[in-house]
Amino acid sequence: MKNLASISVILFLLFTACNEQQKEQRTKGDSTPTVMEQTMKENAEKYIQAWSKNDFDLMKSISVENLVRNANGEITSKNQSEIGETMKFWHTAIPDFNLAQGDIVIKGDKSYSNWTSTGTNTGMFGETPPTGKKSETQGFSVLTFNKEGKIIYEQSYYDLLGVLKQWGYSITPPPSK
């Protein structure tokens, strides 16, 4: 009986010590990502891959049908199909279009990431003929996710004017009065 009491005391102390250690880890901030955070990070990486490879099926698999894309403060797409057309537009103008993923930070229901875009303008840019010149720009995206870890909204910022200048375009000032 004495052994049973000793074992009970040891188990109680061990349980209490482990419980206190878990509480301490939670208050210090456990850096292990949750399943949702890991899903969000993976989908943020896949989003960049989808753009880079012009992979519309991958884009659809990680986002909702009514995905909204805001580029440089303007809504450019209101659903997956429109984003697919935007991807096609860029890959027509820049067949070797590539996005290189930078850092990704997950906070709440959002991911924050930087990336680098490179490519050569060898295709039509809308109605503008190709220049054959290379461009590189840095960008930043904020993706918002739903409870299933799918992308519902993108805010993307990059230097479009810098890209156009690298392709050889210049700004013509308006005529003076």
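**Figure 1. Overall arrangement of helices and strands in the predicted model.** The chain contains five helices and six strands. The model shown is predicted. Read from the N terminus, the elements follow the order α-α-α-β-β-α-β-β-β-β-α. The chain has 177 residues, of which 32% count as buried. Where contacts join residues at least 6 apart in sequence, 57% of them link residues at least 24 apart.

**Figure 2. The largest nonpolar core.** This core comprises 28 residues. Tyr47, Trp51, Met59, Leu67, Ile83, Trp90 and Ile151 are the members with the most contacts inside the core. Contributions of at least two residues each come from α2, α3 (56-62), β1, α4 (80-93), β3, β5 and β6. Helix α2 gives the most, with six residues.

**Figure 3. Surroundings of Trp90.** Trp90 is among the residues with the most contacts inside the largest nonpolar core. Beyond its neighbours within four places in sequence, Trp90 is in contact with Trp51, Phe125, Tyr158, Leu160 and Trp167. One of these partners, Trp51, is likewise listed among the core residues with the most contacts. Another, Tyr158, is one of the residues closest to the centre of the largest cavity.

**Figure 4. The largest cavity and its lining.** The structure holds one cavity of 30 Å³ or more. The space in the largest cavity amounts to about 210 Å³. Its lining consists of 17 residues, and those closest to the centre are Phe97, Leu99, Trp115, Ser117 and Tyr158. At least two lining residues are supplied by each of α2 (35-53), β4 (110-120), β5 (134-145) and β6 (151-158). By residue class, the lining divides into 10 nonpolar, five polar and two charged residues.

Figure 5. Gln101 lies in β3, which spans residues 98-107. Its relative accessible area is 28%, so Gln101 is partly exposed. With neighbours within four places in sequence set aside, Gln101 is in contact with Ala44, Glu45, Ile48, Ser113, Asn114 and Trp115. Among these partners, Trp115 is also one of the residues closest to the centre of the largest cavity. Between Gln101 and Phe140 the C-alpha to C-alpha distance is 10.0 Å, and the two residues are 39 residues apart in sequence.

**Figure 6. The hairpin of β1 and β2.** Strand β1 (residues 63-71) pairs with strand β2 (residues 74-77) in the antiparallel sense, over three bridges. Within this pairing, Asn70 stands opposite Ile75 in β2. Two residues lie between the strands of the hairpin, in which Asn72 takes a positive phi near 55 degrees. Asn72 is placed in the loop between β1 and β2. With a relative accessible area of 36%, Asn72 is therefore partly exposed.

**Figure 7. Asn54 in the loop between α2 and α3.** Asn54 is located in the loop that separates α2 from α3. Although Asn54 is not a glycine, its phi is positive, at about 55 degrees. Most residues other than glycine have a negative phi. A positive phi of about 55 degrees is also found at Asn72, which is not a glycine either. Asn54 has a relative accessible area of 32%, so this residue is partly exposed.

Definitions and conventions: Residues are numbered from 1 along each chain as its sequence is written. This is a predicted model: local features need pLDDT of at least 70, side-chain atom pairs count only at pLDDT 80 or more; totals for chains, interfaces and linings use all residues. Side-chain values use heavy atoms; hydrogens and water are left out. Two strands pair if DSSP finds at least two bridges between them. Helices (H or I, at least four residues) and strands (E, at least two) are DSSP runs, numbered from the N terminus. Buried means under 20% relative accessible area, exposed over 50%, partly exposed in between (1.4 Å probe, protein chains only). Contact means heavy atoms within 4.5 Å. On a 1 Å grid over the protein atoms alone, a cavity is a set of points where a 1.4 Å probe fits but cannot get out, and a pocket is an open set with protein on both sides within 12 Å along at least five of seven lines; lining residues have an atom within 4 Å of a point. Grid points are joined across faces, edges and corners, and a volume is the space filled by probe spheres set on the points. Ala, Val, Leu, Ile, Met, Phe, Trp, Tyr, Cys and Pro count as nonpolar, Asp, Glu, Lys and Arg as charged, and the others, Gly among them, as polar. A nonpolar core is a set of buried Ala, Val, Leu, Ile, Met, Phe, Trp, Tyr and Cys residues joined through side-chain atoms within 4.5 Å.
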